[in-house]
Structure formats: C-alpha cells, structure tokens
Amino acid sequence: MNRGPDGKRRSVTIHDVAREAGVSRGTVSRVLNGGHYVSPAAQTAVNNAIRRTGYVVNRHARSLITGRSDSVAFLLTEPQERFFEDPNFNVLLRSCTQALASQDIPLLLMIAGSEDERRRNLRYIQAGHVDGVLLVSSHSGDPVAGELQAAGVPVVACGKPLGQQARIGYVAADDREGARDMVRYLHASGRRRIATVSGPPDTPGGVERLAGYRETLAECGLPADDLLIATGDYSRASGEQAAELLLRRAPDIDAVFVASDLMAQGVLDALARAGRRVPEDIAVGGFDDSPAAVSTRPALTTIRQPWDRISKEMVRMLLARIGGEEPAALILPTELVRRDSA
C-alpha cells in the first residue's frame, strides 16, 4: 500500500509498478498476462518491482479482459468423509495448491460425493467460475469426467479415467508395475501363500494393482487362487474386514499385499486381534507411502507413489490444456520402500 497526497493508504496500481520498474504500463500489462513480447530484462525489472511494491493483481478486472477466472478446481468425486479419512487426498491437495501458487493461481476444493453435490459443482464449473479442473478419484461409470469433457472444460485426472483415457488427460503412478514389485519382493523373501486386498474394481488402482498381483503370482509359479483375493474400498475398516475374510478362507496365508496403506492399517488391526505376528507369521505390504505407512506398528513396507511429481505434472498439463493444447497422458514410476512389516 502507498500513501496518497492526503496521507491515506491506497492500493498499489499498475502505474506504480511501471514507475518503479522504469518501463511502460503496457510492458507491465504484458508481463502480467504471460510475458509475451517482453524482453528478459524488462520482465525481471517488472517482477522485482511487483515484489518491492507489494502489487496484487485485480483478478476481477483481469478476468473481464481475458475471459478467464484465473482459478482452478480440485474436484474430488468421493464422499466428504473420505477426504478427511484418506491422507492421500490431503497430500495431493497440498501439493497441487503449492504448484499453482508458483503461478499465482488459487485452487478451489470441490467435493462431489452425492448426486446433488455433483449437479451443483458442475453448474458452477460450467458457468466459467474456474478455468479448468483437477479431477481426483474418478470411478468408471462416474459421469463427471464425461460431462466436463462434453462441456469443453479443460480437465486432467489423477489416475487413468477408466473408459475415457482417449479423451481426458491424466497423470498416474504405474499401479501395475508397483504391485508387481511388491509381490516379487514378498516372494523373494520366502512367502508362498500371498493374499491380496484389492481396491474397488471400478477404480484404476483397483484394476491395475490386482492385475499386477495376478501376473506376478503366475510369473513366480504360484497358483492364482480366488480364495486369496478380498476386495476393499480403500478405507481402514474395509481392510480389517477383508483380512478377517482371508483368515477364514485361507488360514495358512503368509503374506498380504494390500492395495492402499489405509487398508493395510485395518489388515494389521485384524492380524493383531487374531494373534498373528507381523512379519514373523504374515508379512504385510501396502501401496501409496502415505502418512499412514509410518504411523503403523510395525512400520509399513509399501509402494511409494510420487505424489509431489504427480501434482506438479497434473498442474502443468492442466495449464497446457487451458492454453489450448491437446490432452496428454503420463505414467510415473513407483518405488518399493522397505520397512518392518515385510
């Protein structure tokens, strides 16, 4: 804020920035709108002047000129309680917010876990209040991705948008290869009755991680016994229920690959209640390397998803889509993280 002739504080304007930088108002305007036709020296001078003066862009005025809102939505198509329970969503939201902050773009959190929420959020988005959408946790058959795409809204999904991969850009971890790495590791450590708790069959993680599990059992010469497969919904409670089911079906299991760290917490709860020692009796491996992995006892051996890079690439790809580029897909490698549970 500057002082006017009457001594009162007033907002810093684009004219103040131009005067401080020693350039024209038009040069400042071009820097604020993408830096086209501006020399590196002038751009540096303007950016330094903005920092010194504390200038803040009038987003409403700029949106009237550009036709853009200069904001992005983080749209989670899960019930609200899942956002607070699953640490992966919070990690992803924080990383996306940081990536957009470097571009001076605010991020709006929107949750569409019910039909009413979906309708309200879609109306808001389609009215042009955001320039694009980072879509998280899309199930196959979920109409949100298709409706956004049909409305011409730039979208980038976290994970493969099942059934829409050809039309919607996405960034995903290599779920299948990550699962293969975990099952190979369990087998190499001497485990021969390896069960799994898979994710929902209508999610990319549920499909790909189960496929990796099955493929690696065959590769290792182990039977693909359906009695060794239980399904969860990525919640801790579903992991606990799945482990109880597996122990009833196949009490001789000596390892469990669990398709999320949160479900693995539930598996560990059920094993402790059943008197099974981890890893002595049954080894447990998770997936995500979320904060849940290090809060378990014992600490969880798991597959690390590169959340920071996933977030940065989602933001980069969405800004490219907003700028008119075609949808793109990127699959990032995972990493096996060894701890005490396996």
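Here are some questions and answers about this predicted model.

Residues are numbered from 1 along each chain as its sequence is written. Because this is a predicted model, local features need pLDDT of at least 70 and side-chain atom pairs count only at pLDDT 80 or more, while totals for chains, interfaces and linings use all residues, and side-chain values use heavy atoms, with hydrogens and water left out.

Reader: Let's start with the overall layout: into which domains is the chain divided?

Author: Domain bounds here come from an automatic or database domain assignment. That assignment gives domain 1 (2–57), domain 2 (72–173 + 308–332) and domain 3 (175–304).

Reader: What distance separates the centres of domain 1 and domain 3?

Author: Good one to ask next. The centres are taken over C-alpha atoms. For domain 1 and domain 3, the separation is 56 Å.

Reader: How many salt bridges are there?

Author: A salt bridge is a side-chain nitrogen of Lys or Arg within 4 Å of a carboxyl oxygen of Asp or Glu. By this rule, the count is 28.

Reader: Which residue meets Glu 20 in a salt bridge?

Author: The partner's side chain comes to 2.8 Å from that of Glu 20, N to O. The pair links distant parts of the chain, 32 residues apart, with Glu 20 in helix H1 (residues 14–21) and its partner in helix H3 (residues 40–53); helices (H or I, at least four residues) and strands (E, at least two) are DSSP runs, numbered from the N terminus. The partner is Arg 52.

Reader: Is Arg 52 buried or exposed?

Author: Buried means under 20% relative accessible area, exposed over 50%, and partly exposed in between (1.4 Å probe, protein chains only). Glu 20, at 39%, is partly exposed. Arg 52 has a relative accessible area of 52%, so it is exposed.

Reader: Which residues of H1 are buried?

Author: Just after H1, Gly 22 takes a positive phi of about 75°. Within H1, the buried residues are Ile 14, Asp 16, Val 17, Ala 18 and Ala 21.

Reader: How many disulfides does the structure hold?

Author: A disulfide is a pair of cysteine sulfur atoms within 2.5 Å. For Cys 158, which is in no disulfide, the nearest cysteine sulfur is that of Cys 96, 7.6 Å away. Cys 158 is buried, because its relative accessibility is 18%. The number of disulfides in the structure is zero.

Reader: What is omega for the cis peptide bond from Arg 297 to Pro 298?

Author: Pro 298 lies in the loop between helix H13 (291–295) and strand E12 (302–304). Another cis peptide bond runs from Val 278 to Pro 279, with omega near 10°. For the bond from Arg 297 to Pro 298, omega is near 0°.

Reader: What is phi of Asp 289?

Author: Asp 289 lies in the loop between E11 and H13. With a relative accessible area of 16%, Asp 289 is buried. Its phi is positive, in a residue other than glycine, and near 55°.
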